[in-house]
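Below is a set of questions and answers on one protein chain. Look at the sequence and the structure before reading on.

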Amino acid sequence: QVQLVESGGGLVQPGGSLRLSCAASGSIFSIYAMGWYRQVPGKQRELVAVITNGGRTNYADSVKGRFTISRDSAKNTVYLQMPSLKPEDTAVYYCHARKGTADIATGDYWGQGTQVTVSS
């Protein structure tokens with residue numbers, strides 16, 4: 001099992017910044033990628049950003065060029081830097097880890113979620 005613990009959410013004004021952190025522990029071998037998803041009530045959970053163990057990144061179009069995902073392999077931690085926040089970024093953000101390879105997933109793990117609210 002992989003445990004994922006998120007931190008860094010909160011309330012921020014439009015144009016403000018937050019940095020989310022996700023620390024992985026437990027059976028972390030064979031993790032292929034880690035990333036962030038978000039969900040608002042009544043909508044499906046959507047991918048925000050992902051980073052593979054090779055350093056490859058992918059972003060949702062809505063955050064591309066604005067958010068940055070990074071990782072500290074020594075700390076088994078992934079970060080999501082979110083500058084220039086907009087009200088539409090308001091959501092619960094979930095950390096995700098996938099074991100396996102690019103072609104075959106052998107396990108999916110989720111954090112408990114952290115609320116991000118962008119409001120004046």
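Q: In which loop is the place of Asn53?
A: This is a predicted model, in which local features need pLDDT of at least 70 and side-chain atom pairs count only at pLDDT 80 or more, while totals for chains, interfaces and linings use all residues. Residues are numbered from 1 along each chain as its sequence is written, and side-chain values use heavy atoms, with hydrogens and water left out. Strands (E, at least two residues) are DSSP runs, numbered from the N terminus. On that numbering, Asn53 belongs to the loop between β5 (46–52) and β6 (57–59).

Q: Is Asn53 buried, partly exposed or exposed?
A: Buried means under 20% relative accessible area, exposed over 50%, and partly exposed in between (1.4 Å probe, protein chains only). The relative accessibility of Asn53 is 45%, so Asn53 counts as partly exposed.

Q: Which residues does Asn53 touch, not counting those up to four places away in sequence?
A: Contact means heavy atoms within 4.5 Å. With residues up to four places away left out, Asn53 touches Ile31, Tyr32 and Arg71.

Q: Which residue in β8 stands opposite Ser70?
A: β7 and strand β8 (residues 77–82) pair in the antiparallel sense over five bridges. Opposite Ser70 stands Tyr79.

Q: Which backbone oxygen does the side chain of Thr77 reach?
A: Thr77 lies in strand β8 and is buried, with a relative accessible area of 10%. A polar contact is a pair of N or O atoms within 3.5 Å; within protein, one must be able to donate a hydrogen and the other to accept it, and residues adjacent in sequence count only if both atoms are side-chain atoms. At 2.9 Å, the side chain of Thr77 reaches the backbone oxygen of Lys75.

Q: Which cysteines form the disulfide, and what is its handedness?
A: A disulfide is a pair of cysteine sulfur atoms within 2.5 Å. The sulfur atoms of Cys22 and Cys95 are 2.0 Å apart, and the pair links distant parts of the chain, with Cys22 in strand β3 (residues 18–26) and Cys95 in strand β9 (residues 91–100). The torsion about the S-S bond is about -85°, so the disulfide of Cys22 and Cys95 is left-handed.

Q: What kind of aromatic pair do Tyr37 and Trp110 form?
A: Rings of Phe, Tyr and Trp (its six-membered ring) pair if their centres lie within 6.5 Å; planes under 30 degrees apart count as stacked, over 60 as edge-to-face and the rest as tilted. For Tyr37 and Trp110 the centres are 5.0 Å apart, with 70° between the planes. The pair is therefore edge-to-face.

Q: Which side chains make polar contacts with the side chain of Arg38 at 3.0 Å and at 2.9 Å?
A: Arg38 is in strand β4 and, at 6% relative accessibility, counts as buried. The contact of 3.0 Å is with the side chain of Asp89. The contact of 2.9 Å is with the side chain of Tyr93.

Methods
Two strands pair if DSSP finds at least two bridges between them. Helices (H or I, at least four residues) and strands (E, at least two) are DSSP runs, numbered from the N terminus.
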